[in-house]
Amino acid sequence: MIYFTELDHTPVFDAKGELLGHLSDMVVDASRDPLQVSAYLIKTPQNDVLSLTHEQVQAISIQQIQTGVPTESVRPYAPDEGLLHVRKDVLDQQIIDVNNRKVVRVNDVDFDIRPTNGRTALRILAVNVGVAGIVRRLFQGVVAKRMLRFFASMFPARTIPWEFVNLIEPDPARRVKLRISFDRLARLHPADLADIIEELGRDEQKAVIESLDHETAAHALSEVPSELQTALLESIPTEKAADIVEEMPADEAADILQKLEPETSAEVLADMGKEEASDVRELLGFEERTAGGLMSTEFVFVGEKAQVEGAIEALRNFEGQLEAIHFVYLIDDSAVLTGSVALARILAADSKTPLSELAIKSVIAVEPHTDQAEVVELFHKYNLLTLPVVDDKRRLLGLVTADDVLEVVLGRK
Amino acid sequence: MKLLKSPRLRRLRFNLIIFMAVIGPGIITANVDNDAGGILTYSQAGAQFGFSLLWTLVPITVALIVVQEMVARMGVVTGKGLADLIREEFGLRVTFVLMALLLVVDFGNTVAEFAGLASGMKVLGVERDLAVPAGAFVVWALVVRGTYRLVEKVFLIACVFYIAYPISCYLAHPDWTAALVRTIKPSVQFNSEYFVMLLGLIGTTIAPWMQFYLQSAVVEKGIKVKNYVLSKWDVIIGCILTDLVAFFIIVACAATIYVNGHGKIRDAGEAAAALGPFAGRAASWLFAFGLVNASLFSASILPLATAYYVCEGLGFESGINKGFSEAPAFYSLYTSLIVLGALTVIWLSPEKQFPVILLSQVANGILLPFVLIFMLRLINRKDLMGEHCNTKTFNAIAWVTCGIIIALTALSAVTNLLPGRATVSGILHWLRWS
């Protein structure tokens, strides 16, 4: 193994043994091999930059790099956006450690050094984010390299294998050329993804949100603080924002839209699907910090005369998030809430059992203008999972769920 | 059910929310600037020179606004901290040296805050050995146990308490007309003590850590580029408020201590006590209360800011929204700065604390030029700042401002290192002969 820091500024000699210059950077061509160093950039004593291809390199050690070709055949370096530069793009930059779900800063890059076909080839192994990397960087050139190796080894070396490293390139065109994708991020838990997004700079945040699929983006966005939510939604194109908001539960979408600038908010609503937009519009009418402002309109209800099989049918046809459902609500002919049945009771009962036999008749419910503090009290007092919100005629409007209440309690709303 | 009424009302409410969401970092940063060291310097300026240094507050405010505005802009546009940007642009070694210097500077400042706390509390009748540990615990617990929003609220309330100075100044019955005239009309005294004081005023106003703190705070708040105008006002209002407080301190001390010919004071608590006979008990207590508030306030922000940017620059996890296990380096740094700072004040007599503070001032003089130059180079990078780079005119103003600050800070560091008066009179001498 060999470190970038050790090779940095190493003298490079040509076939005749004359000094060509000093190593200044290493280049990886992702379109050919995403790990192999394809070229070495050399700064000559005249301050020109040459590009030495890996075929031209004969031997590499921490003391020197030996080429097998004469000086004349080494080409000058032509800048190419499509190539990954180890110093410019990786060293000192922030990267995402996909495995540990964190944003970290690169102190050093580790290479695997091995002879192939009589030449020495380097392959990227890992990035170094620990104290050992810092020590190497600080003392490189001051202390002899072999001494430094020993010295640095006394400090903890935290490395992240290259396959778990996600580079963050804000420019979408260059991202494609470098074959960087955020696919692996999409598989993280939305809360972890949100933490990662919070750590990044403005352009990088935008890059990640834009490249995620709508659903993942929506989940991640639900978890970031509201200032950042609006900042991100306003920075991306309106259609994209609408697609993302559409994927959110209506109550969250309404909360976010309320905080966007009125014009942007209207544009996003106009770009959303008709059905989703109308759900959100309904909720937008309620004051913040009340039961109406907290509630979502996703709930499962059946007529009060239905049987267990009717409830199961209703659950099957439900289009929202099933995980959030704990009760099936019973309503009469004029949509008045008459009872609630716990999901577990439905599961345990025979399919022909009338739901009214399983139901709790005196359901605790509030009106939309109820203050959120009172809602929290009710959840606490009656150990609720959900609390129906009804109008003055006790017709069911929506539900406040325990996770909404938790946000209130933690002071996030 | 109350429905949202007209769109206009919603617009107004929306703007208010945005304003409240953006305001904070600038005002807080600028107010922390009036810390124990600042109050001492202003008190000395007033006690020793009366109104004759008041005019310097105007150019100092302008310089402060020019510098702070750039940092806030970088924070809003890039969404990254200053230490982050320096690391990405200038590499690890430069960052490390900067951070090490900053640590020294800030440790010295933290010691000065706790010393200020002790001397303010003494006037209020609380012993040092009780006041300092209690104060240290309060600031530590606030940040470690509180959330960002809570901390910011407490900080904003602390800003309000600076009102103690205008009131205590009012009680001192100064000659307001003369004070205002001397603020607008520059006058220079050609003696070395005057120049040492002038350097001190500038040195205490524009500090390196503020730039890092402001940028990180702006980033943490997630302020949007679109709302940058508001952020700019946050900075401008903050800078003006700060120097208004400085104005009142100088005037209060000038109207009492200077007028009655008492001259030199060694610590800010002494200034508070000296106000008593001339302006009454209340003025004296208010002054001391202001000092305690400022010291506590800065003692919590300084170590916090230091921990922030050191971790940022070296790539350790940071942020008060994380727990200890997530960001161990951050919390260890923060805690040890507070604990060691407080212990230094409890254990060492004021004379023995002096070398610590002196060392930090020298480090400050070395550091500030680098920080300002790095800032100017970063803010002119098109790929980083896009259309928000400095304009040509603003660049000229910024370079000149930073140039003057650098020259004066360096001079101040030199006078601190060498026997002060001799150096300044030497320089004055040299100026006259050339």
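I worked from a predicted model.

**Entry 1: the interface**

I looked up which residues take part, and found 35 from chain B and 37 from chain A in the contact. The two chains bury about 3100 Å² between them, and carbon and sulfur atoms give 45% of that area.

I then looked for charged pairs and counted 4 salt bridges between chain B and chain A. I noted one of them, where Asp92(A) pairs with Arg87(B) and the closest N and O atoms are 2.5 Å apart. The rule for polar contacts gives 11 residue pairs across the interface.

Next I asked which helices of chain B supply the side that touches chain A. Helices H1, H4, H5 and H14 of chain B each give at least two residues. H5(B) has the largest share, with 7 residues. I sorted this side of chain B by class and got 16 charged, 11 nonpolar and 8 polar residues.

**Entry 2: strand E10 of chain A**

I turned to E10(A), which covers residues 94-97. Gln94(A) and Ile96(A) point one way, Ile95(A) and Asp97(A) point the other way, and all are buried. I recall that side chains in a regular strand alternate between the two faces of the sheet.

I checked the partners of E10(A). E11(A) runs antiparallel to E10(A) and is joined to it by 4 bridges. Asp97(A) has Lys102(A) as its bridge partner in E11(A). The hairpin of these strands has 4 residues between them, and there Arg101(A) takes a positive phi near 55°.

E15(A) also pairs with E10(A) in the antiparallel sense, over 3 bridges. In that pairing I found Asn166(A) opposite Ile96(A).

Key
Residues are numbered from 1 along each chain as its sequence is written. Chains are lettered from A and ligands numbered from 1 in the order in which they are written. This is a predicted model: local features need pLDDT of at least 70, side-chain atom pairs count only at pLDDT 80 or more; totals for chains, interfaces and linings use all residues. Side-chain values use heavy atoms; hydrogens and water are left out. Contact means heavy atoms within 4.5 Å. Buried area is the accessible area (1.4 Å probe) that two parts lose on being put together, summed over both. A salt bridge is a side-chain nitrogen of Lys or Arg within 4 Å of a carboxyl oxygen of Asp or Glu. A polar contact is a pair of N or O atoms within 3.5 Å; within protein, one must be able to donate a hydrogen and the other to accept it, and residues adjacent in sequence count only if both atoms are side-chain atoms. Ala, Val, Leu, Ile, Met, Phe, Trp, Tyr, Cys and Pro count as nonpolar, Asp, Glu, Lys and Arg as charged, and the others, Gly among them, as polar. Buried means under 20% relative accessible area, exposed over 50%, partly exposed in between (1.4 Å probe, protein chains only). Two strands pair if DSSP finds at least two bridges between them.
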